[in-house]
Amino acid sequence: MAEKSFKYVILGGGVAAGYAAREFAKQGVQPDELAIISKEAVAPYERPALSKAYLFPEGTARLPGFHVCVGGGGERLLPEWYTEKGISLILSTEITKADLASKTLHSATGDIFKYQTLVIATGSTVLRLTDFGVQGAEAKNIFYLREIDDADKLVEAIKEKKNGKAVVVGGGYIGLELSAALRINNIDVTMVYPEPWCMPRLFTAGIAAFYEDYYANKGVNIIKGTVAVGFGTNEIGEVTDVKLKDGRVLDADIVVVGVGGKPLTSLFKGQVEEEKGGIKVRSFKLSFYHKGTLLSC
Ligand SMILES: NC(=O)c1ccc[n+]([C@@H]2O[C@H](COP(=O)([O-])OP(=O)(O)OC[C@H]3O[C@@H](n4cnc5c(N)ncnc54)[C@H](O)[C@@H]3O)[C@@H](O)[C@H]2O)c1
Ligand SMILES: O=C1O[C@H]([C@@H](O)CO)C(O)=C1O
């Protein structure tokens, strides 16, 4: 059990944390003033790569290729960059308690971190079908995509279930991008979503029809207007099929679920003002530099 103290702590090691660290460096942060604490085992990277080139069979993206800030056309911040700047990159460390009154963070393994200013960059988490009590939703080979570990598990499954069948639940960003990536890997793909067309919050019916035709021409089956209500499993707990509300049952070796996300605010419940499920902030710049609470990515 160690206790460490920093002038600034960025809690979270995602995209926001990496870009914030670059900004701290630009603003002249001094060695040992700033720490980033992250549950993930790697330095901040561009998350969008995970639903695209990370999954491609050719021209595959791997770290260190897509550490931030390459997505914004900036310098790639390798782990050494943080060392050179005297920024402590504290990885594989999950904070399980945050006490804003005493400015103290507690890790799962009992370490204590004190700060003067905290930047909250915990981002969001995926919605899981287990959260809604969907029967069989804890089966093996049902995947979500948020972090690099999730993408690695999916890459393994694509190899293991070569030329197999996948059902993709959700017709948003993850649903569309993952369906494409699976198809490129020669997996037989069926998408399922409840709305009359894909990406309904963004696309008009006409735009969606263009994409749905394009996907159909690439061999993706699309089932609209229904949802997954249960999963069958084999004797070793792997998913075997997806039961739909309309009564259909689809065979599946792999299931990918992309049904949205929610801000990760649980550490701060009752300690901050919330709005629309997230933490209420005054303004990005003011919060970032002077008050220290901000950023969700
Ligand atoms: N290219 C990009 O910009 C990109 C790529 C990947 C992820 N993202 C980010 O990640 C977030 C999460 O992505 P996402 O695709 O999970 O969310 P999303 O909100 O984009 O889409 C969720 C989809 O799931 C459907 N859905 C909800 N409940 C369902 C159910 N029970 N069964 C079947 N379908 C159901 C919704 O109707 C919708 O079609 C996005 O909002 C976006 O911010 C962006
Ligand atoms: O391709 C993507 O674009 C967005 C973001 O990088 C730009 O808004 C995102 O999350 C992707 O996966």
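## Salt bridges

A salt bridge is counted here when a side-chain nitrogen of Lys or Arg comes within 4 Å of a carboxyl oxygen of Asp or Glu. K269 and E274 make one through their side chains, at 3.0 Å from N to O. E274 is partly exposed because its relative accessible area is 31%; on this scale buried means under 20%, exposed means over 50%, and partly exposed is in between, using a 1.4 Å probe and the protein chains only. By the salt-bridge rule, the count comes to 12.

Before going on, keep in mind that this is a predicted model, where local features need pLDDT of at least 70, side-chain atom pairs need pLDDT 80 or more, and totals for chains, interfaces and linings use all residues. Residues are numbered from 1 along each chain as its sequence is written, chains are lettered from A and ligands numbered from 1 in the order in which they are written, and side-chain values use heavy atoms, leaving out hydrogens and water.

## One bridge in a helix, one across the chain

K26 pairs up with E23 in another salt bridge, with the closest N and O atoms 3.8 Å apart. Why are K26 and E23 separated by about one helical turn? Because they sit 3 residues apart in helix α1 (residues 15-26). Helices here are DSSP runs of H or I with at least four residues, strands are runs of E with at least two, and both are numbered from the N terminus. K26 is exposed, since its relative accessible area is 61%, while E23 has 21% and so counts as partly exposed.

Now look at K161 and E238, whose salt bridge has its closest N and O atoms 3.3 Å apart. This pair links distant parts of the chain, 77 residues apart: K161 is in the loop between α3 (148-160) and β9 (165-169), and E238 is in the loop between β12 and β13. Those two strands cover residues 228-233 and 239-244. Buried or exposed: which is K161? K161 is buried, because its relative accessible area is 17%. E238 is buried as well, given its 13%.

## Around ligand 1

Ligand 1 has 17 residues around it, and the closest are I174, E177, E195, R201 and G260; to be counted as near, a residue needs a heavy atom within 4 Å. An oxygen atom of ligand 1 lies 2.8 Å from a backbone N or O atom of I174. The side chain of E177 has an N or O atom 2.7 Å from a nitrogen atom of ligand 1. At G258, a polar backbone atom is 3.2 Å from an oxygen atom of ligand 1. On its own, ligand 1 has 850 Å² of accessible area, and the protein covers 67% of that.

## A nonpolar patch

Which residues form a nonpolar patch on the surface? They are I207, F210, Y211 and Y214, with about 410 Å² of accessible area together. Y214 belongs to helix α5 (residues 205-217) and counts as partly exposed because its relative accessibility is 45%.

Compare that with Y8 in strand β1 (residues 3-11). Y8 is buried, as its relative accessible area is 18%. From C-alpha to C-alpha, Y8 and F210 are 48 Å apart in space, and they are 202 residues apart in sequence.

## What the record says

The unreviewed UniProt entry places a feature called "domain: FAD/NAD(P)-binding" at residues 6-282. Such annotations may be inferred rather than shown by experiment. In the model, that span is 21% helix and 28% strand, and its end C-alpha atoms lie 24 Å apart.

Technical notes:
Patch = residues over 30% accessible without salt bridge, like charges linked within 9 Å, V, L, I, M, F, W, Y side chains within 5 Å. Areas by Shrake-Rupley, 256 points an atom, 1.4 Å probe, with all protein chains shown as cover. Polar contact = N/O pair within 3.5 Å; in protein donor to acceptor, adjacent residues only side chain to side chain.
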